[in-house]
Amino acid sequence: MTQDKLIQLLAELSIDEKINQMIQIIGQIYEKGAMVTGPASQYGINEENIRLAGSVLGSLGAKKLIKIQDDYMEQHPHHIPMIFMADIINGYRTIFPIPLAQGCTFNPDLVKEGAAVAAKESAAAGLHVTFSPMVDLARDARWGRVMESNGEDTYLSSCLAKAMVEGYQGKSVKEKGKIAACVKHFAGYGAPTAGRDYNNVELSERTFKEDYLPAYKAAIDAGSELVMTSFNTINRIPSTGNKELMREILRQEMGFTGVLISDWGAVQELISHGIAEDNNEAARLSIEAGVDIDMMSMIYCNRLKRLLEEGIITEQMIDECVMRILQLKNKLGLFENPYKDADAEEEKRLILCEEHRSLSRKLAAETFVLLTNEDGILPLPSEGKKIAFIGPYIACKRIHGSWSLFANQEDSVSIKEAVEGSGYLNHCLYERGCDLLEPGIEIPEFGEVFAKSVLTEEERQELLYSAVAAAKESEAVVLAIGEHPSQSGEAASKADITVARHQIELLKEIWKVNHNIIIVLFNGRPLDIRELCQYSKAILVAWLPGTEGGNAIVDVLFGKVNPSGKLAMTFPYSVGQIPVFYNEFATGRSYEEGDRTRFHSRYLDIPNKPLFPFGYGLSYTEFEYSGVELDKNIMSDNQTINAVVEVKNVGRYRGKEVVQLYIQDVKGNVVRPVRELKSFQKISLQPGESKKIIFSMNRDMLKFYQQDMRYEVEAGLFRIYIGGDSTTKNVAEFHYR
Ligand code: BGC
């Protein structure tokens, strides 16, 4: 449709029709035949809303959505199609590893492929928009939603934000198999005070702009069609009602022209925040901020008309929002083809097809991070040894992270199934060892359902006894333990981030009879794993790996794939260090580990150093780095400096290495981070092979918010570090003049 026709269409809409374009309701209501009962009345949705709502969320399936679209359009006075949106975070039916795990690949191309598959499957199932990528910078492992982020680093998150948007949207969202991206949660949602979900955020303007905003900007620059507001406050103003944040920063400074949608119920939450007196004020603040769609609070549809009649808002404000929504529909091509790619046959053909499964397996294996590997216990030989596979995750098929809303756990491959299918070993024992959840612990899941252990004390003892017996008669033990999938995700903050006590007890009992323990850790966040390190020889972090998790784990355990994941988020020594991240700031009293004098920035009871730093991860092979060489020592204006290192595979296996470049601005007019990731390259080397890696550095990489908040470079000394993790000491220096 041409812009002129869109303008004409807008002019033909009644005010009620316009306002209803600006609401989003749950698709479930249409699935039930548009009856205003159950969830509809519970949420205050009336028949008019059902007839006119501009978009719905949470429903998928080609057949179903085609029918909903048909019925809806037929009765809509202008036959405007609705938009179908949903949270396709880890994939639709072929589930990929959680985004935090994907961050550990340091492989934007692969992440982009994963997003493209998620788009393909969900587009065939009728979807138009996914509420992804979530690019909230996450530095506090207590926060349950770190699993949805790409970790703690601004640069890495930005690269992956771009990759995901490109994967979902392709060159145009109209293309077959593409969906629109919605970057979220704007802004700063990843820094809730004390790691408690939905809590307020206190960030300095400089930290907010320099560290937190760039990943959203990267998604917007990549063309993300939508942005979602966040639940939190910034500068004590909740985002959804924050005019300066949305109109000045998002739209003017960042140049975002697409649709801004509130998070679920966030318009109404302005009242709970204490910034709006009532629904009228909540509606006014949100529309003044330029929020186009009210997701599920039903305040826009109940209040905007009255505000308009009272002259508090103008029709132009409403038109501005509705036009953006119509433009999105137009970009998706819905006026010509309201079903877009919905096609039941195609959906059936695509979901969980071999190609998608094999990408999921490849991506999962690349997300795993090998933290320890004493005596080179891994990889395991594929024959000869007798191995006990123990733990609640060995036969578990629920190995996908939160937000895998359409996953069917029966589709996923457990470790046990993968070992059995691999034909590797003929002497294996399988034991559950214990339940995933500690006795007495209940984890809320969706609705009123709670996950909990239902074993009796006697059954627990029996599981433990058989596990120890199996460990005793085996040469090595693969112990698969960790967090329950519902222990991370939204509303899953934790104050204690150790592994459950009963799992540690199982570990210790096994250790008594067999020291050859390889832990495969399932987790949605960095954990305090000090005890795991003490009672094992190897730890492989598998996160929540998705549909092909078991196969990917077996690929890595037996060396078919050499692990290459690097931590996208620091593993703290203990919860007391949090927030802990590699690019902290120099202090006036910095502490060198081992110094015995008192007045330093340090803890009395724990080290400053985390257990495993950002960027860290072992391989079955070893890489040797040459010193860093620069082609000049002075950079001025628009010049570039090339930094070169030679990386050699000096081990026995082919392997991939993430070569990381960090820059330190030694002196600035504001305090600068001790170092910052500015580039990386992932390379693959055969044993004995070496490669020269060249990084080209320019002045943009040196910019920061100056004392007067100009984003600029300051002349002076810079150090660059190139190595295999964020603690590398491989350094060279140059000056910027
Ligand atoms: C979450 C969003 C999500 C939305 C819709 C909210 O609770 O914060 O990330 O996209 O629900 O499901």
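This tour moves through a predicted model, from its domains to single residues, helices and salt bridges.

Begin by colouring the chain by domain: domain 1 covers 3-347, domain 2 covers 352-569 and domain 3 covers 623-736. Then select domain 1 together with domain 3, whose C-alpha centres lie 37 Å apart; 12 residues from domain 1 and 14 residues from domain 3 take part in the contact. Between them, domain 1 and domain 3 bury about 1,100 Å², with 61% of that area on carbon and sulfur atoms.

Next, show the side chains of Glu210 and Arg672, which form a salt bridge whose closest N and O atoms are 3.1 Å apart; across the interface of domain 1 and domain 3, the rule finds one salt bridge. Polar contacts between domain 1 and domain 3 amount to six residue pairs. On the side of domain 1 that touches domain 3, the elements giving two or more residues are α9 (154-169) and α10 (205-221), and α10 supplies the largest share, four residues. Sorted by class, that side of domain 1 has five nonpolar, two polar and five charged residues.

Select Ser132, in the loop between β4 (129-130) and α9. Ser132 counts as buried because its relative accessibility is 2%, under the 20% limit. Beyond residues up to four places away in sequence, Ser132 touches Ile88, Ile89, Tyr168, Ala181, Cys182 and Val183.

Move on to Arg357 in helix α17 (residues 354-367), which is also buried, with a relative accessible area of 17%. With its neighbours within four places in sequence left aside, Arg357 is in contact with Thr94, Leu352, Asp411, Val413, Thr547 and Glu548.

The next stop is Asp725, in the loop between β28 (716-723) and β29 (731-736), where a relative accessibility of 16% makes it buried. Its side chain is joined to that of Thr727 by a polar contact of 2.5 Å. Apart from neighbours within four places in sequence, Asp725 is in contact with Pro613, Phe614, Gly615, Tyr616, Gln660 and Tyr662. A distance drawn from Asp725 to Thr105, C-alpha to C-alpha, comes to 13 Å, although 620 residues separate the two along the chain.

Select helix α13 (residues 279-289), whose buried residues are Asn280, Ala282, Ala283, Leu285, Ser286, Ile287 and Ala289. These buried residues pack against α11 (243-253), β9 (259-261), α12 (269-273), α14 (299-309) and α15 (315-331). Just after α13, look at Gly290, which takes a positive phi of about 90°.

Now go to helix α22 (residues 549-557), which is mostly covered, since nine of its nine residues are buried. The buried residues of α22 pack against α17, β12 (387-390), α18 (415-422), β16 (476-482), β17 (517-522) and β18 (538-541). After α22 comes Gly559, with a positive phi near 80°.

**Salt bridges across the chain**

The count for the model comes to 55 salt bridges. One to display is that between the side chains of Asp16 and Lys305, at 3.2 Å, N to O; this pair links distant parts of the chain, with Asp16 in helix α2 (residues 15-21) and Lys305 in helix α14, 289 residues apart. Asp16 is partly exposed, with a relative accessible area of 23%, and Lys305 is partly exposed as well, at 29%.

For the last pair, select Glu714 and Lys667, which form a salt bridge with their closest N and O atoms 4.0 Å apart. Glu714 is in the loop between β27 (711-712) and β28, and Lys667 is in the loop between β23 (655-665) and β24 (676-685), 47 residues apart. Here Glu714 is buried, with a relative accessible area of 16%, whereas Lys667 counts as exposed at 55%. To finish, select Arg247, Arg251, Asp292, Glu320 and Arg324, which salt bridges with shared partners join into one network.

Conventions: Residues are numbered from 1 along each chain as its sequence is written. This is a predicted model: local features need pLDDT of at least 70, side-chain atom pairs count only at pLDDT 80 or more; totals for chains, interfaces and linings use all residues. Side-chain values use heavy atoms; hydrogens and water are left out. Domain bounds come from an automatic or database domain assignment. Contact means heavy atoms within 4.5 Å. Buried area is the accessible area (1.4 Å probe) that two parts lose on being put together, summed over both. A polar contact is a pair of N or O atoms within 3.5 Å; within protein, one must be able to donate a hydrogen and the other to accept it, and residues adjacent in sequence count only if both atoms are side-chain atoms. Ala, Val, Leu, Ile, Met, Phe, Trp, Tyr, Cys and Pro count as nonpolar, Asp, Glu, Lys and Arg as charged, and the others, Gly among them, as polar. Buried means under 20% relative accessible area, exposed over 50%, partly exposed in between (1.4 Å probe, protein chains only).
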